[in-house]
Amino acid sequence: MVGLGTVINTAAIVAGGVCGALFGRFLSSSAQDTLTKVCGVSTLFIAITGALEQMLRTEDGRVVSGGTMLVIGCLAIGAVIGELLNIENAFERFGQWLKVKSGNAKDQGFVHAFVTASLTVCIGAMAIVGSIQDGILGDYSILATKAVLDLIIIMVMSCSLGKGAVFSAIPVAVFQGSITALAGLVRPLMTETALANLSLVGNILIFCVGINLVWGKKVKVANLLPAIVVAVVAAFLPLN
């Protein structure tokens with residue numbers, strides 16, 4: 001069944017969010033803050049590992065790095081586009097709307113939890129590659145694996161950040177569902193180089209999410225999202 005992967009992934013996020021929200025009620029504010037920092041540190045190391053996997057390679061027995069200019073260029077161009085579109089503000093407005101409609105108007109941390117969780121589970125190559133594979137072959141194995149990871153991530157975030165994290169299921173359903181529906185059109189763009197670029201820049205953005213979790217909101221990560229599109233486009237430019 002085409003689209004089953006997104007259904008499984010969305011259901012896993014909801015399950016993780018509900019479990020986390022229920023368990024989080026029994027944690028003190030100090031414990032929740034510590035758990036937020038732990039989640040942030042874990043996110044940082046996951047992102048660092050993913051980014052270095054794309055930037056480092058071995059040549060003649062030596063470890064060499066690359067991709068620095070790609071990262072700088074994509075983030076700079078993406079930031080300009082994101083600021084002009086003010087994507088962060090759009091995310092927050094949608095979060096405010098959800099907060100009211102879901103009966104959580106008094107929850108001060110709802111929007112922060114929603115935006116942070118949404119960016120964490122939406123950014124990454126697994127979401128795109130898994131959705132394309134699901135749409136073309138009906139193979140949801142990658143998204144099923146992602147669902148397990150997202151369940152754990154959202155459960156922890158719901159404990160520490162609040163109920164807003166569970167609503168990250170909405171952008172995941174829309175984002176992955178759209179890619180699955182348009183898989184035939186998107187697949188030719190996902191060359192090996194494009195996927196490598198997407199993974200590298202995507203992990204840098206996830207690193208920024210980790211920074212916000214550990215030190216408070218320092219980076220407008222949503223305004224950097226166009227950098228992912230720029231990274232894919234860069235794969236088709238004669239840069240070498």
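1. Starting with the lining of the largest pocket: its residues split into 15 nonpolar, ten polar and three charged. Keep in mind that this is a predicted model.

2. That pocket has a volume of about 720 Å³. Its lining takes in 28 residues, and Ile46, Met126, Leu149, Asn203 and Ile206 sit closest to the centre. Two or more lining residues come from each of α2, α5, α6, α7 and α10, and α2 supplies the largest share, eight residues.

3. On to the packing. The largest nonpolar core holds 39 residues, and the ones touching the most other members are Phe91, Leu119, Ile123, Met157 and Val221. Helices giving it two or more residues include α2 (29-55), α4 (87-101), α7 (141-161) and α10 (192-215). The top contributor is α5, with nine residues.

4. Leu119 deserves a click in the viewer. Setting aside neighbours within four places in sequence, Leu119 is in contact with Phe91, Val209, Val221, Ala222 and Leu225. A separate core of twelve residues lies apart from the largest one, with Cys74, Leu200, Ile204 and Val230 among its members.

5. What about the length of α6? At 1.5 Å a residue, its 13 residues should span 18 Å, and the end C-alpha atoms are 17 Å apart, so the two agree. Just after α6, Gly138 has a positive phi of about 70 degrees.

6. Which residues of α6 are buried? They are Ala127, Ile128, Gly130, Ser131, Ile132, Gln133, Asp134 and Gly135. These buried residues pack against α1 (4-24), α5, α7, α8, α9 (183-186) and α10.

Methods:
Residues numbered from 1 in each chain as written. Predicted model: local features only at pLDDT ≥ 70, side-chain atom pairs only at ≥ 80, totals over all residues. Heavy atoms only, no water. Core = buried A, V, L, I, M, F, W, Y, C linked by side-chain atoms within 4.5 Å. Buried < 20%, exposed > 50% of the residue type's maximum accessible area, 1.4 Å probe, protein only. Helix = DSSP H or I, 4+ residues; strand = E, 2+ residues; numbered from the N terminus. Contact = heavy atoms within 4.5 Å. Expected span 1.5 Å × (residues − 1). 1 Å grid on protein atoms, 1.4 Å probe; cavity = no way out; pocket = protein on both sides within 12 Å on 5 of 7 lines; lining within 4 Å. Points joined across faces, edges and corners; volume = space filled by probe spheres on them. Nonpolar A, V, L, I, M, F, W, Y, C, P; charged D, E, K, R; others polar.
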